[in-house]
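Let's walk through a protein model together, one topic at a time. Have the sequence and the 3D view ready as you read.

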Amino acid sequence: MNDGARMHALVRRLYPLCRSITGDGVRRTLEIVAESIPLEISEVPTGTEVLDWTVPKEWNIRDAYIKDPAGNRVVDFTRLNLHVVGYSVPVSATMTLDELRPHLHTLPAQPDLVPYRTGYYAETWGFCLSENTLAALGPGPYEVRVDSTLADGHLTYGEHVIRGSGADEVLISCHVCHPSLANDNLAGIAVAARLARRLAGKELRYTYRFVFAPGTIGAITWLARNRDRVSRIRHGVVLACAGDRGALTYKRSRRGDAEIDRVFAHVLRGREHTIRDFTPYGYDERQYCSPGFDLPVGSLTRTPYAGYPEYHTSADDPDFVSAEAMEDTLDALERAVEVLERNRRYRNLSPYGEPQLGRRGLYGSLGGRSDAESRQMAMLWVLNLSDGDHDLLDIAERSGLPFAAVADAADALRGAGLVKE
Amino acid sequence: MNDGARMHALVRRLYPLCRSITGDGVRRTLEIVAESIPLEISEVPTGTEVLDWTVPKEWNIRDAYIKDPAGNRVVDFTRLNLHVVGYSVPVSATMTLDELRPHLHTLPAQPDLVPYRTGYYAETWGFCLSENTLAALGPGPYEVRVDSTLADGHLTYGEHVIRGSGADEVLISCHVCHPSLANDNLAGIAVAARLARRLAGKELRYTYRFVFAPGTIGAITWLARNRDRVSRIRHGVVLACAGDRGALTYKRSRRGDAEIDRVFAHVLRGREHTIRDFTPYGYDERQYCSPGFDLPVGSLTRTPYAGYPEYHTSADDPDFVSAEAMEDTLDALERAVEVLERNRRYRNLSPYGEPQLGRRGLYGSLGGRSDAESRQMAMLWVLNLSDGDHDLLDIAERSGLPFAAVADAADALRGAGLVKE
Amino acid sequence: MNDGARMHALVRRLYPLCRSITGDGVRRTLEIVAESIPLEISEVPTGTEVLDWTVPKEWNIRDAYIKDPAGNRVVDFTRLNLHVVGYSVPVSATMTLDELRPHLHTLPAQPDLVPYRTGYYAETWGFCLSENTLAALGPGPYEVRVDSTLADGHLTYGEHVIRGSGADEVLISCHVCHPSLANDNLAGIAVAARLARRLAGKELRYTYRFVFAPGTIGAITWLARNRDRVSRIRHGVVLACAGDRGALTYKRSRRGDAEIDRVFAHVLRGREHTIRDFTPYGYDERQYCSPGFDLPVGSLTRTPYAGYPEYHTSADDPDFVSAEAMEDTLDALERAVEVLERNRRYRNLSPYGEPQLGRRGLYGSLGGRSDAESRQMAMLWVLNLSDGDHDLLDIAERSGLPFAAVADAADALRGAGLVKE
């Protein structure tokens, strides 16, 4: 099974679980992820103060339905967990359609689809259903049941860390709080987990920290508990909507010109893609890029947040995402990691005039190669711009050469003692 | 009567007066303006040294004409004051057409029109007439009369000040030295006076100083007598050509990126307009933006300086300007003032992660509003960029939101104690 | 004879000489150049260490040929010196075609043309011939002869200096190491020599240093022997490919915004031309712009390095270059010199408001001139921007006025005591 198929299988397996910002759905999701990459799980008690927020009560749900007078479940949580509004409080009542209506959410413009709705801090309840289902409902009365608990408990998140040789970290963050929605964000979870597998065992310079946490409150909790670690984050990516068939979209960090921003611009060049400026909306880049932290964290998606009609509806199911798209996202991420790992700032040790490359076998040894000229150009560019102000990525950008060619040239020059870090 | 009609009536009333850089025409103009807004009048004696200049002699004129052999006034100052060259010295002579010709100015390419000419520092005299009139003149002899005085006196300018809560000032300057020319600059005078009326009684942060002064020497005189005040000028606009039917044109200050420049770029966005870079020519921005002062003063016109065929001719009459155009100029100025008044630089007091807006009623209270999402976005933008480096106008520019929406969001956040100035 | 014809005659006279990076061809070339401009000749011994390089052995050649079995010279150095690979070691042998083939170089895609090849540091030998000639060769045996010497000697370069009033220098550098190739670089040599003639006897502010040296090793040698002089080089141009019929191309210095870069952008404006960013390839700008020196040296060519099919082939002969093209290159260079000479940074001594130009005869004296308005505008621009931050070239760029008009205005203002350097 290739990586695309593996990721798609993971999406299908995670899809039925009812996740929210707390509860057993998140725990079970992290258990399944932990089958392929070890996770350190954190459980943060209800009531814990985290930055400006407080960890909420934990929500769990076993069943929820609306039964018609004939006893048929016309809306049934066990068939699709989007049917219940996230964080709905327990209900057990008999109601007419008129009484029930304020608690029903539909998408009139997409009458076949069930919307995704939550009410984390509202202490309310509700059901989501298709406009067509609603239209077919008689006056009732209906048996209405939400078998949930909202009580002190914990907020759960998981971390996977791949140690590099240095203390600087790369953060890969994805939200794990959405129930049966495949692109948002099971695809992101699957790609992140697979990236971790690809990096396992490699010699790395950076430490890679994968955070699987509920959106907003999870990122805030992680930040609150890692204030001392934040300064180590040199680069980061929030990963979401990683599996639809649209082209890749990179949203810049708040800084706009962070190395991670330049890396993705380079990696995506030459293929269909979109680069967007930072906005304080979307996924957890909102938290990482809040002005107090202002971390160099961008966001990688395919079609971004709210940019496709299936977004936050029952149509965002496992068929909406493709193995090929997830593999493509994974490849782009992996290439970004390769650039981050190799990007360095060298200093030319022989900066007065060109050093004589031929004498060192760097010119002659190239004579027989078909890519000789490009390698020679790469060496001249590295020598010319290695003045302490330019890193290899700058040199690749300015020369128009592929980053790998520039990095290879730098390695050759370092081997010859002509540049040093 | 609406503001447009009021301004047009003022233009018609001021039109017949013979203004120049000194003299009773300016005094009478300021008296009429003072009927709607109080003016403090300054009279600066001839010979006063002002910066690199000296206040010139005062010029007044009662009559001027060229009479043909039959005694008909073929050129008659009392019909149109453009007919005499400004600052013409007294003349009383009989001359043939050939002798007279060096003193006659026409516009051969616009044969119906009378040009506007002056000779402030030349101690000469002359007449302006249409090419057609000139062509019809016989050989003479002609009785030539200029009944003027050029003698020690004063240079006159007027100021209207609206006090704000702070010491910082906004300068609105317009020239009052042109005789019967409507767009240049009776329309500017009318719009400035009406803006002062609109601002009267408002709670303002800035002090608004309206300067009605002769072009060049008037601005230089004002600057010379207010050297200590100049540092208080935080923003300024030179207002001219405010009534023709062309689109608005904003000319940037010499600095090019002053707040006033950004304000007008924002205010004019989304409508037909032109933004031009500073040039050291045009109106009194030349003086305010001389390198020693380098004040943040731009210039607002409709069709700019010398940009329309009626410019500096008898065709720039009250019919050339429209009430609607003046009202449009006034509205743009007023909107610029609104932005200046509300533009501030806030600091997010809860900069680590997003603050929990829902807890403070800033999220929940928006639920029922149709513009909720835009207001919420505005709050997130203000929070994200209120780091001491960005003012609200920056935030409006970067977010693409209307300035007022951003400023409203900032007010709400300040009310909740989340940001402070 | 005009300058174009003179330059073309020089190209034709230099064309037959067999130049290389050392040897009598270079010496004879410099002797001929010295007939029109005096040259100081430097002879640097083999083995001298120059920066990271060592001056190589000196190469000279008297004859070289391949004779067929009938005794005919099928490849003959005396007919075209490109036929022998530069720096070929002596050979005297009889070989079959098969044995000879590894030493033969052709251009299969341009079967009529003979390529230019060198092997300076390879201690090998070879012949260049057309693909058509090669195709007609029988199996042999052939008498093969290279009558050359490769022995301790010297590297030769020449300098011509025109003293200016100050110590700052302008460097004009061109390579003299290519054998019978007209555009690359006899045209450059001819244009440089003619520019020196044009500048002779002028009052100049800069000292102009013309360097005629072999490519790469020559520039490196010059730099090594002039380390203390390098800091005096305020501007420089590497001149090459100066005679083909393509439009002018200016390649920016490594700095990208050096004064010389702005000068050429200004001089070339309004005519067909290309501006390219620096690349660490091409001609001796590679050495002058190495990061340790980072001199403000650009490169002026017509069609650049390797940009035309005749490049480095026997088709780059004297008919390939034209007198008109060389004259055009020369004119552009001369205009660049004019801008460099006149470009200064002035300070407005009357920076508060506009000074009264009329009082000083700067306004009145212009009244009768047809170019009065442009001269007046130029004065206002110089006054407005002479704040210590802008030089006259900045002012020309920003105002859109020709540099000469701005410089004339500055001279007038300086004469009136209104600006000083």
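Which side chains meet in a salt bridge with R286(A)? The side chain of E354(B) does, at 2.5 Å from N to O. A salt bridge here is a side-chain nitrogen of Lys or Arg within 4 Å of a carboxyl oxygen of Asp or Glu.

Before going on, a word on the ground rules. This is a predicted model, in which local features need pLDDT of at least 70 and side-chain atom pairs count only at pLDDT 80 or more, while totals for chains, interfaces and linings use all residues. Residues are numbered from 1 along each chain as its sequence is written, chains are lettered from A and ligands numbered from 1 in the order in which they are written, and side-chain values use heavy atoms, with hydrogens and water left out.

## Where chain A meets chain B

Contact means heavy atoms within 4.5 Å. By that rule, 19 residues from chain A and 19 residues from chain B take part. About 1700 Å² is buried between chain A and chain B, with 50% given by carbon and sulfur atoms. Buried area is the accessible area (1.4 Å probe) that two parts lose on being put together, summed over both. In chain A, the residues that lose the most area to chain B are D52(A), R254(A) and P280(A), together 35% of what that side buries.

The rule finds four salt bridges across this interface of chain A and chain B. There are also 12 residue pairs in polar contact between chain A and chain B, both residues being at pLDDT 80 or more. A polar contact is a pair of N or O atoms within 3.5 Å; within protein, one must be able to donate a hydrogen and the other to accept it, and residues adjacent in sequence count only if both atoms are side-chain atoms. On the side of chain A that touches chain B, β3 (53-54) and α8 (285-288) of chain A each supply at least two residues. Helices (H or I, at least four residues) and strands (E, at least two) are DSSP runs, numbered from the N terminus.

## Where chain C meets chain B

Here 19 residues of chain C are in contact with 18 residues of chain B. Between them, chain C and chain B bury about 1700 Å², 50% of it on carbon and sulfur atoms.

Chain C and chain B share four salt bridges and 12 residue pairs in polar contact (both at pLDDT 80 or more). Helix α10 (residues 372-385) of chain C gives the largest share of the side of chain C that touches chain B, seven residues.

Side chains of opposite charge can pair when their charged atoms come close.

| Residue | Partner | N to O distance |
|---|---|---|
| R286(A) | E354(B) | 2.5 Å |
| R254(B) | D387(C) | 2.8 Å |
| D294(A) | R254(A) | 3.3 Å |

The pair of D294(A) and R254(A) links distant parts of the chain, 40 residues apart. D294(A) is in the loop between α8 and β16 (297-301) of chain A, and R254(A) is in the loop between β14 (248-251) and α7 (259-268) of chain A. Over all chains, a search of the whole structure finds 111 salt bridges.

## How the chains are related

Two copies of a chain are related by a rotation about an axis and a shift along it. Chain C is superposed on chain B by a rotation of 120° with 0.0 Å of shift along its axis (RMSD 0.1 Å). That is the relation of a three-fold axis. In chain C, D257(C) has the C-alpha nearest the axis, 13 Å from it. Copies are superposed by least squares on the C-alpha atoms of residues with pLDDT of at least 70 in both.

For chain A on chain B, the rotation is 120° with 0.2 Å of shift along its axis (RMSD 0.1 Å). D257(A) comes closest to the rotation axis of the residues of chain A, at 13 Å (C-alpha).

## Some backbone details

Most residues other than glycine have a negative phi, and most peptide bonds are trans. The peptide bond from G140(A) to P141(A) is cis, with omega near 5°, and P141(A) is found in the loop between α4 (131-135) and β9 (142-151) of chain A. E123(A) has a positive phi of about 50° although it is not a glycine.
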